[in-house]
Amino acid sequence: MWVFVSILVIAGILIIPNIKIVPQAKSYVIERIGSYYATWVNGLHFKIPFVDRVANIVNLKEIVMDFAPQPVITKDNVTMQIDTVVYFQITDAKLYTYGVENPINAIENLTATTLRNIIGDLELDQTLTSRDLINAKMRSILDEATDPWGIKVNRVEVKNIIPPRDIQETMEKQMRAERERREKILQAEGEKKSSILIAEGEKESAILRAEAKKEAQIKEAEGEAEALLKIKTAEAEGIRLLKDAKADQAVLTLKSFETLASVANGQATKIIVPSELQNVASLGTTLSEMFKDKK
């Protein structure tokens, strides 16, 4: 009985610790008798006691490393501080385990040297305006260099570029001057647009006033023409009625005399009597005699 229990205890001590469950996004590098044997992925695995051992547990997730600022010198001899962020992922657990000693430190040093080489070919202004170019070059170089280590560099980002204090002050002055220049340009453009709008408004106002005056003169002329036409029409109608009534020459002469009398009521000081009206006096005498005979 005791022997059976002892066997179970020994078996438990030997078997249970050697049952391994590898979780998702992990890899176990297994060595057998000191040499690489296999890479376990997620699932249930069993290793031989005293023969197999877990040499390394590798995380297969994407890793983000924010490295400290590195001093770099530009092509025009300006020293600045630049810090970068590297996004990488382990693709081969075996190469990552046996490829290089302390891979994270190796990536940091490789990033610093690569950054110095790239910035050394750029001037200050190019460095400040070429982040995308720097990121692309660094990613390409780092990805190629870390491939034998089982590492895939997905992205490299320049986080901060810190120039010297005097350069910063100069840049701030330039930016302030540029903002003031843009402000003056915008103000001048605003004043120009305002002047144009005012001039256009005055022009349209003058045109409208001229058109209104023109319309008024046209209406006034049309009114005078219409009144004159009505007067002439009335005169023509009066003459037509006299003709229809078969008025004799005496009546027509009398009408002419009435017209002459109305003209005499005006401001004229001289009246020129046509020759046809010279017999008006004798006509008046004849009419007076006719009225006396009737009485």
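Here is a short briefing on the fold, the nonpolar cores and one serine of this chain. The model is predicted, so local features need pLDDT of at least 70 and side-chain atom pairs count only at pLDDT 80 or more, while totals for chains, interfaces and linings use all residues. Residues are numbered from 1 along each chain as its sequence is written, and side-chain values use heavy atoms, leaving out hydrogens and water.

**Overall fold**
- You will find eight helices and nine strands in the chain, taken as DSSP runs (helices: H or I, at least four residues; strands: E, at least two) numbered from the N terminus.
- Of the 295 residues, 21% count as buried, meaning under 20% relative accessible area with a 1.4 Å probe and protein chains only.
- Among contacts (heavy atoms within 4.5 Å) with a separation of 6 or more, 62% join residues 24 or more positions apart.

**Nonpolar cores**
- A nonpolar core here is a set of buried Ala, Val, Leu, Ile, Met, Phe, Trp, Tyr and Cys residues joined through side-chain atoms within 4.5 Å.
- The largest one has 30 residues, and I82 and I134 have the most contacts inside it.
- At least two residues of this core come from each of β8 (79-90), α2 (93-98), α3 (103-119), α5 (131-146) and β9 (151-162), with α3 giving the most, six residues.
- Another core, of five residues, lies apart from it and includes V22, Y28, I30 and W40.

**A closer look at S27**
- S27 sits in strand β2 (residues 26-32) and is buried, with a relative accessible area of 4%.
- Leaving aside neighbours within four places in sequence, S27 contacts T39, W40, V41, N56, I57, V58, L60 and A93.

Notes
Buried < 20%, exposed > 50% of the residue type's maximum accessible area, 1.4 Å probe, protein only.
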